Amino acid sequence: MKGIFVKMKHLAPSAAILAVGAITLSACGGQSATGEEASGGSSDLQGTLTGIGASSQKAAMDAWTADFTSQNSGVTVNYSPDGSGAGREQFLAGNAQFAGSDAHLDDDEVKAGEEACGADGAYEFPVYISPIAVTFNVKGVDELNLSPETIAKIFKGDITNWNDKAIKADNPDAELPDLKITAVHRADDSGTTENFAEYLKATAEKDWDAEVDGNFPKEYGGEAAQGTDGVIQTVSDTDGAIGYADASAVGELSTAKVKVGDEFVELSPEAATKVVDASEKVEGRSEGDLAFDLARDTTESGAYPIVLVSYHLVCSSYKDQETVDMVKAWEKFVVSEEGQKSAADSAGSAPLSDDLRKQIEEVIDSIKVEG
Amino acid sequence: MTTMNTTTEAAVSKPAKLTSKQLPKATPWIVAVASIIVAIVISLIAFGGFNIPVVAVLAGLINAIAVFAVSASYEGRRKAVDRIATTIVTSTFVLACVPLISLLWLTVSKGGAAISGDLLTRTMLGMKGVLDQQYVAGEATLAGGFYHAIVGTVLITLAACVISIPIGVLTAIYLVEYSNKNRLGKAITFLVDVMTGIPSIVAGLFAFALFSTIANVLLPGAAGIAKTGFTAAVALSVLMIPIVVRNTEEILRLVPMDLREASYALGVPKWKTIVKIVLPTSVSGILSGVTIAIARVIGETAPIMVTAGFAKTLNWNLFSGWMSTLPTFIYDSQLRPVSPGAAALASSERAWAAALVLVALVMVLNLLARIIAKVLAPKAGR
């Protein structure tokens, strides 16, 4: 045993190094992302909010969390971007106070919501509108008009050259080169693909005969690229390429105008917001359920119909007043002008319209304590 | 007459053959360098440029052939075969080192360029895309950091050690000193073998399912509170225990039976023999085994994601709230950047810096294991 103690003495230096390391670790650090001390904030809310759901909202969620916690330093907001399906499931199982989802609840889930959240069920409302751009790279062509049928045929592989008659019909004034079209799509399962396909299914069903799915239909061929960045990279590197991606990621590339009704609409946040306002609410839902059937085939002037709309799901009632206050404050911030602007700056989303915001705020106000 | 002459000549020259005709020691190296140069030349001519993989493969092939040819022409077939075996073994060793070196190089060059004191001491509290866009546009320094992830890694790994080291070491002691290969001992060995093969995500799901069930029983409808650092530590110990058991068992079996017998002969009871003779003799091996187990679990991503979530802020409490570790931080930053599009570069830089810290942490642990083993090793001839 004595031998051990002698040996322990040799260990003393390394133990000391460990101890010093531990002390340094705990002494310095823990500052905020910018190194400034948290400003505190005036509210006396205290606690943790947990959300699970769509990864499409992640960038916006980062921005909302940052601004919200700077105003309410007592609140921690956690968001786990596990996916829309996982988010709805975990929320309905009571494992999270709110969920983010790219799709609204289906009828079975509404019923499950009544069990999880009390008689009024779960509330849902759109918080994040992200336009999807049809982006192209053709030398000498800066503007391009495309009708849904043409887009469908291009991505399906039926139109293979930029001087095709169908494209010329959409762009009578443009000089289109004799150049092969490279249609770039997402290689991975994604909400962007799903919304893009949903739009084509609704507006050009004759040409787009594949099922709507997060995976791009394999039989249509074309060039596959991994992730949003991969699509943008491939389109910028290839002369004659066309692809679809979140508008926030497009950067310097040109985007096509899309035919709505009789006119061609340019992508803009306002135009994306408009399509949500032109959409009908899903029938047979409670007042707090602001789920929309997106009017992809709208003819509303100035609306841009290729959008991804992501919802927040909250309960109509929570067990204690503290949670109710926190959820109310949080969701109100998310839909507020400030919150929407913050998401637009950081994540490139389109802000909600004032009209829709008013409806959502009414829903949020009706959240109450159980019983 | 002539026939007799040749036989005597042959008999005389035979012993001389044993020592003659050997290539100088430097020859294999000269041949290797020459074949690399030839490979570069071929690559430049035939493949239109310098291409590292092509050069490496070509150099390996040319080297093997050249070594054989040179040796066969000078030393004879037997030695040539021996040389080619040596060459192949050495080439495969170099090949095995390639991924390691390229990984280290990539981590050090990318992480080293991004790392800064700010990244080490800041958290992601208040982090948003605008800050990254400013950084990429060159208007601000890189914001954010992973101090919270370093703290999380250290705390979760420590907790996993506290759980799994006593269980693992005591199990190994039972297996070696008490079981005498009885049924229970065999069953434990079998189960430990099975546990070694558990995929890490399954360990994570097990721990989460266990704790959310407990949470649901204690506080109905609040299963969400099961996502804590402690749950992650339990998941990691499921992965750690079999490694600790295996390593400790091997080391304990190395302790000479004579030592135990000498102790028993002096009338020392069994438990005292184990505590004062067996464990001190093997302590260095046990500790280095434990360190290997730590290095194995410290880089786990999947079980942490399921059990501890993705925290953006500092959390010192293992038993409440989400925690981030370096692996989950890297995964999250790379896959879901704070700002999509061009500014995702900033998230990527933070991820590389975190990867560098993680690799350094694992290396320091391995080094520590070596030092501990050396310091505590029993001195020879005692």
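Angles between axes under 35 degrees count as roughly parallel, over 145 as roughly antiparallel, 65 to 115 as roughly perpendicular and the rest as oblique. The model is predicted: local features need pLDDT of at least 70, side-chain atom pairs need pLDDT 80 or more, and totals for chains, interfaces and linings use all residues. Residues are numbered from 1 along each chain, chains are lettered from A in the order written, and side-chain values use heavy atoms, without hydrogens or water.

**Exercise 1.** Describe how H3(B) and H4(B) pack.

Solution. 
- Take helix H3 (residues 52-74) and helix H4 (residues 77-114), both of chain B. Helices are DSSP runs (H or I, at least four residues).
- The packing angle is about 155°, and the axes lie 8 Å apart. Axes are lines fitted to C-alpha atoms over the stretch in contact; angles run from 0 to 180 degrees between N-to-C directions.
- H3(B) and H4(B) are therefore roughly antiparallel.

**Exercise 2.** Describe the interface between chain B and chain A.

Solution. 
- Count residues: 47 of chain B are in contact with 44 of chain A.
- Take the buried area (accessible area, 1.4 Å probe, lost on being put together, summed over both). The value is about 3600 Å², with 60% from carbon and sulfur atoms.
- Count salt bridges (side-chain nitrogen of Lys or Arg within 4 Å of a carboxyl oxygen of Asp or Glu). There are three between chain B and chain A.
- Locate a salt bridge: Lys128(B) pairs with Asp67(A), at 2.7 Å from N to O.

Definitions and conventions: Helices (H or I, at least four residues) and strands (E, at least two) are DSSP runs, numbered from the N terminus. Contact means heavy atoms within 4.5 Å. Buried area is the accessible area (1.4 Å probe) that two parts lose on being put together, summed over both.
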